[in-house]
Amino acid sequence: MQTSPYGSWPSPVDAALAAAHDGRPEWVGFVGDEVWWTEPRPAEGGRRTLVRRRADGREEPVLPAPWNVRSRVIEYGGHPWAGAVVAGEPLVVFVHFADQRLYRYEPGTEPRPLTPVSSVGGGLRWAEPQLMLDLGEVWCVLEEFTGDGPTDVRRVHAAVPLDGSAAQDSDAVRELTADRHRFVTGPRLSPDGSHAAWLAWDHPRMPWDGTELVVADITPHGTFHDLRTVAGGPEESIAQADWSPDGRLLYASDRTGWWNLYRDGEQLCPRDEEFGGALWKLGHRWFAPLDSGLIAVVHGSGSTTLGILDPETGELVDAAGPWTEFAPTLTVHGERVVGVGASPRTAYEVVELDTRTGRARVIGAEHDDPVDPIHYPEPLIRTFTGPDGRDIHAHVYPPHHPGYVAPGGELPPYVVWAHGGPTGHAPLVLDLSIAYFTSRGIGVAEVNYGGSTGYGREYRNRLREQWGVVDVEDCAAVALALADEGTADLDRLAVRGGSAGGWTAAASLTVTDVYACGTILYPILDLAGWGTGETHDFESQYLESLVGPLAEVPGRYAERSPVEHADRVTVPFLLLQGLDDVICPPAQCERFLSRISGRRVPHAYLAFEGEGHGFRRSETMIRALESELSLYAQVFGLNPPGVPTLELTR
């Protein structure tokens, strides 16, 4: 064991390795007996491809570059593909990111467009496709821009002909519903095809605030009629709906304060746990009914696991295995359940549970240790006490290296990570970006501040009208607690976050003196601008609940915005931004920097062509990680080997 200062330990986890393993498999589904899913390709411009697992266990990518299977509906996207076996061969429809058209693909052929291009605003976008082979159609959520503004948009259910007749003629698209709600999820069809159920909501609500569960009758010709709302409301969030094999309506509602499962209005398994979550993408699935009548569920408090629920008895049996987090993507076929799970020792991988045997196994995107796992961080699940005695949940990752220790008496630097959302959650999973720091001797604390999902509606509601207050206070409380207990060096604390976490990081630098520096990624910095046209439609009125009605409390928007208080920033910072970001646009960063100019605060601004909200290209992620480490090295007096120096301007 060698002795060397924190932050100077040599590590096999370099930025290129972390970038290569960024992202996760997503959107699992069955095509016949085969399991298919989408998978990231950071080295190929950040595109996502389709992967199929053949019956013999072989995995193979289905679509070569430049095909990119990803929807932009509500900008965060949704389930982008569907497939079936026709005449013994796969038939797949998918959304291509570049033009957002829906394409038809059969192996051995080039994908053929099914939908037209629109020159208006953001064009036509599609999500949650469902093949309706008897009708010769694919049913989807259609997002249509009606003007050039980000909120000039309507969303309806629509039927697209599978024969390609709508590729040049938008009139061939058949709308199934009128645009009576601002937002809708894809329709879930009852087993006999006679009913459809979906979720709907309107501004200023977000789906975790309140949604409506709508049911419609379907005629044999595939038209909807007799639409009615059967559950939900302004203060009840229904996260998902589906049907049991015998035609009863299943849904996850938080009417008790926790997202629990219901069948025709009857609570199935009352628990202070979540059986649903925040609907950031259309098509998220936390439960899936099996032909046997059992229900596969992703559930938990804080972390999540995969289980099988017997709705008749309420008995819930969890799958055995190392996974501590399951993503909200489930699919079932017969007695097979497939999801995407991860743990602190494994990245996300495709997991299959056989309900007949109870056996769970990895069947795709299997985790393969790129370095000896002895270098992985070892998380501690902690609950801290914040202002007013409130609980704050966090994952603490101390510095860790198998061959190095710091000199006696030296305390380590720590970086507090604020997750995005802010109605989001930091999962307890292996993240090589965290290992990149901990293996060099820099601790990381991921804070699930008030407002995070996973701990019930009351915890989530702590952030109502308190964004920029509760999140900032909770992160600071964790940082100071780590210093007070002797875990972290009080003088070497940093804050870091992206998107809404970037807001929290920037706000923390303007209203606290806790941190010696900060890393701010694709942030919100100007509330008034973001709330009056500088973001996309989905979140355009999010601030009405996070901050308060703009018309009633305009002063609060200025009071909390980092751009209005740039003069309070006195410590070095790194600002990272994608130039194609329509959610948190570069204009906000530029406005912030203009107000920093001349104040001699050391900082760096890196803006990346071709990147949107969240970085997907390996070269971007490498530059971002190395620059972040260089910032900490310069501010904390560290000497990490082999890291390019980030030039800080004043």
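Colleague: Let me start with Cys140: is this residue buried or exposed?
Modeller: Buried means under 20% relative accessible area, exposed means over 50%, and partly exposed is in between (1.4 Å probe, protein chains only). Cys140 has a relative accessibility of 0%, so it counts as buried.

Colleague: Thanks! What kind of model are we looking at?
Modeller: Residues are numbered from 1 along each chain as its sequence is written, and side-chain values use heavy atoms, with hydrogens and water left out. Local features need pLDDT of at least 70, side-chain atom pairs count only at pLDDT 80 or more, and totals for chains, interfaces and linings use all residues; the model is predicted.

Colleague: How many disulfides are there?
Modeller: A disulfide is a covalent bond between the sulfur atoms of two cysteines. The rule here asks for a pair of cysteine sulfur atoms within 2.5 Å. By this rule the count is zero.

Colleague: And how far from the sulfur of Cys589 is the nearest cysteine sulfur?
Modeller: Cys589 counts as buried because its relative accessibility is 0%. Cys589 is in no disulfide; the nearest cysteine sulfur belongs to Cys584, at a distance of 8.4 Å.

Colleague: Let's turn to Tyr557. Which helix holds this residue?
Modeller: Helices (H or I, at least four residues) and strands (E, at least two) are DSSP runs, numbered from the N terminus. Tyr557 is buried, with a relative accessible area of 2%. The run of residues 554-560 contains Tyr557, and that run is helix α8.

Colleague: Which backbone oxygen lies 2.5 Å from a polar atom of the Tyr557 side chain?
Modeller: A polar contact is a pair of N or O atoms within 3.5 Å; within protein, one must be able to donate a hydrogen and the other to accept it, and residues adjacent in sequence count only if both atoms are side-chain atoms. A polar atom of the Tyr557 side chain lies 3.4 Å from the backbone oxygen of Leu543. At 2.5 Å from a polar atom of that side chain is the backbone oxygen of Gly548.

Colleague: How far apart in space are the C-alpha atoms of Tyr557 and Gly531?
Modeller: Contact means heavy atoms within 4.5 Å. Not counting residues up to four places away in sequence, Tyr557 touches several residues, among them Leu527, Ala528, Val547 and Leu550. Tyr557 and Gly531 are 26 residues apart in sequence, and their C-alpha atoms are separated by 9.1 Å.

Colleague: Now the backbone. What is omega for the cis peptide bond joining His203 and Pro204?
Modeller: Pro204 lies in the loop between β16 (195-201) and β17 (212-218). The peptide bond from Ala65 to Pro66 is cis, with omega near 10°. For the cis bond between His203 and Pro204, omega is about 5°.

Colleague: Last one: what is the phi of Ser499?
Modeller: Glu128, in strand β10 (residues 124-132), is not a glycine, yet its phi is positive, about 55°. Ser499 lies in the loop between β37 (493-498) and α5 (500-511), and at 10% relative accessibility it counts as buried. Although Ser499 is not a glycine, its phi is positive, at about 65°.
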